[in-house]
Amino acid sequence: MQTMTPQPVCVLGSTGSIGVSTLDVLARHPKEYSVFALTARERVAELAQQCRRFKPRFAVVLDTDKAAQLRKELVAEGLTTEVLSGVEGLCQVASAPEVAVVMAAIVGAAGLKPTLAAVRAGKKVLLANKESLVMAGPLFMAALAESDASLLPIDSEHNAIFQCLPYPCHNLADAGVERILLTGSGGPFRTADPQSLHRVTPDEACNHPNWSMGRKISVDSATMMNKGLEFIEACYLFHAQPSDIQVVVHPQSIVHSMVQYRDGSLLAQMGNPDMRTPIAHALAFPRRIDSGVSALDLIRAGRLDFEAPDESRFPCLRLAREAIEQGGSAPTVLNAANEVAVEAFLQGALPFTGIAVLIEKVMDSTDRLELVDLEAVELADREARARAQEVLSELNGVHENDAGGNSYHGQRPQTRSM
């Protein structure tokens, strides 16, 4: 009997929620997959623990000083994992010849370059970093078309759509698709009094009713910007126009998304809200493997509710739709402004309702660029972040002088570099 050689996997963003779930799935199939590289932004303690368990060939820390700390710790313990640092290290492990699969789970703009490196190197890329497509969709899809890479979506909604479409599907109309229904839970403030949202705290915003996620993504879910970013991502992933996609609020997070066909059929992918399901699906596609997730009990679930999103409560949805309709660098600007706004909110420097205000002001006051290359993407990103910091200072000035007592103070947030 032929012995199976495990496929080497690189997990970009291994200490985040998607990365941890990925490692859980990989650990269930040691004969099929091995861990080649693990990466983190700066969470050295968590990364060190993962290195002890999975013994990867490489570990990468974005912060150079933190990388030196990890290197010293692993050497002292006699581990042979080689520690790299910076974006260069991320790109090196993502494109290494030995790697078969790359989980792209770095949150935010920092994930763009290593994810592109994996695509250009022809890897099987499991895409959880939606910002790569939001920031540089045309360039990303062009690089994919020019390479031997395969791209499988990890976001539960996009993975659900992928499962409900014929494979491969290069044209929705030819496949008989009427529209894509992109579901979202509505987050923790779906039924909250809109007048109360300016008092929301970071802990309240991160307390998602169904999913366990990192703080940035949790805030995006609370504002429904996460759904807006997914809307943009879906346009690129499935060769769709904005008019082809409808956002539907589904509080139970059981139906992860749906595809409506011309003949009246509506296909839905359902399951318990656990990211290990789409991770296992994409990892082994087209086979099915155990994910560790229990089967959905529809009797216990009892009911499935659907409703239209309230864009007056969630203006970030409207801003995302306007960005993809405008094209060019508009989605890049949207993403950059959102990252600055969310970090400011988490640091106490911006109220929850100020997130959408800041984003809209940045979008209205930033020139649109054509994304002819990666340098243009980086320029648009830098300019949008700089403008977002200016708007943040302006908003803080207004509120600090607000005689009505609605002031807010906090540390000026640090933006993420590319």
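Trainee: Where do I start with the open sheet, and what is its strand order?

Mentor: Please bear in mind that the model is predicted. The open sheet has four strands in the order 9-8-10-11, and the pairing is mixed.

Trainee: Which strands are at the edges?

Mentor: Strand 9, residues 245-249, and strand 11, residues 266-270, are the edge strands, and each pairs on one side only. On average, neighbouring strands of this sheet are turned by 20° against each other, direction ignored.

Trainee: What about the turn between strand 10 and strand 11?

Mentor: That hairpin has four residues between the strands, and glycine 264 takes a positive phi near 100° there.

Trainee: How many bridges does strand 10 share with strand 8?

Mentor: Four bridges join strand 10 to strand 8, residues 177-184, and these strands run antiparallel. Leucine 181 has methionine 258 of strand 10 as its bridge partner.

Trainee: Why is strand 10 described as largely enclosed?

Mentor: Six of the seven residues of strand 10 are buried, so the rest of the structure largely encloses this strand.

Trainee: Changing topic: how many residues are in the largest nonpolar core?

Mentor: The largest nonpolar core has 137 residues, and those with the most contacts inside it are Leu334, Leu358 and Ile359. Helix 14, residues 330-346, gives the most to this core, with 10 residues.

Trainee: What does leucine 358 touch?

Mentor: Leaving aside residues up to four places away in sequence, leucine 358 touches Ala337, Ala341, Leu350, Ala388, Val391, Leu392 and Leu395.

Trainee: Next, helix 9: how many of its residues are buried?

Mentor: Helix 9, residues 215-223, is mostly covered, with eight of its nine residues buried. Among them are Lys216, Ile217, Val219 and Asp220.

Trainee: What covers the buried residues of helix 9?

Mentor: The covering elements include helix 6 (131-146), helix 8 (202-205), helix 10 (225-237), helix 13 (315-326), helix 14 and helix 15 (354-364).

Trainee: And what follows helix 9?

Mentor: Methionine 224 follows helix 9, and its phi is positive, near 65°.

Trainee: Why is helix 5 called largely enclosed?

Mentor: Helix 5, residues 112-120, has seven of its nine residues buried, so the rest of the structure largely encloses this helix. The buried residues are Leu112, Pro114, Thr115, Leu116, Ala117, Ala118 and Val119. Just after helix 5, glycine 122 takes a positive phi of about 80°.

Trainee: How many aromatic pairs does the structure hold?

Mentor: The structure holds six aromatic pairs.

Trainee: Where in the chain are phenylalanine 189 and phenylalanine 352?

Mentor: This pair links distant parts of the chain, 163 residues apart. Phenylalanine 189 is in the loop between strand 8 and helix 8, whereas phenylalanine 352 is in the loop between helix 14 and helix 15.

Trainee: Is phenylalanine 189 buried or exposed, and what about phenylalanine 352?

Mentor: Phenylalanine 189 is buried, with a relative accessible area of 8%, and phenylalanine 352 is buried with a value of 6%. Phenylalanine 352 also forms an edge-to-face pair with phenylalanine 345, at 5.6 Å centre to centre and 65° between the planes. Phenylalanine 345 is buried too.

Trainee: Which residues form an aromatic cluster?

Mentor: Phe162, Tyr167 and Phe285 form one aromatic cluster.

Trainee: Last topic: how do helix 1 and helix 2 lie, parallel or perpendicular?

Mentor: The axes of helix 1, residues 17-27, and helix 2, residues 44-54, come within 13 Å and cross at roughly 10°. Helix 1 and helix 2 are therefore roughly parallel to each other.

Trainee: Which residues meet there?

Mentor: Val20, Leu23 and Ala27 in helix 1 meet Gln50, Arg53 and Phe54 in helix 2.

How values were computed
Residues numbered from 1 in each chain as written. Predicted model: local features only at pLDDT ≥ 70, side-chain atom pairs only at ≥ 80, totals over all residues. Heavy atoms only, no water. Pairing = 2+ DSSP bridges. Helix = DSSP H or I, 4+ residues; strand = E, 2+ residues; numbered from the N terminus. Axes fitted to C-alpha atoms, helices over the stretch in contact; angles between N-to-C directions. Core = buried A, V, L, I, M, F, W, Y, C linked by side-chain atoms within 4.5 Å. Buried < 20%, exposed > 50% of the residue type's maximum accessible area, 1.4 Å probe, protein only. Contact = heavy atoms within 4.5 Å. Phe/Tyr/Trp six-rings, centres within 6.5 Å; stacked < 30°, edge-to-face > 60°. Parallel < 35°, antiparallel > 145°, perpendicular 65-115°, else oblique.
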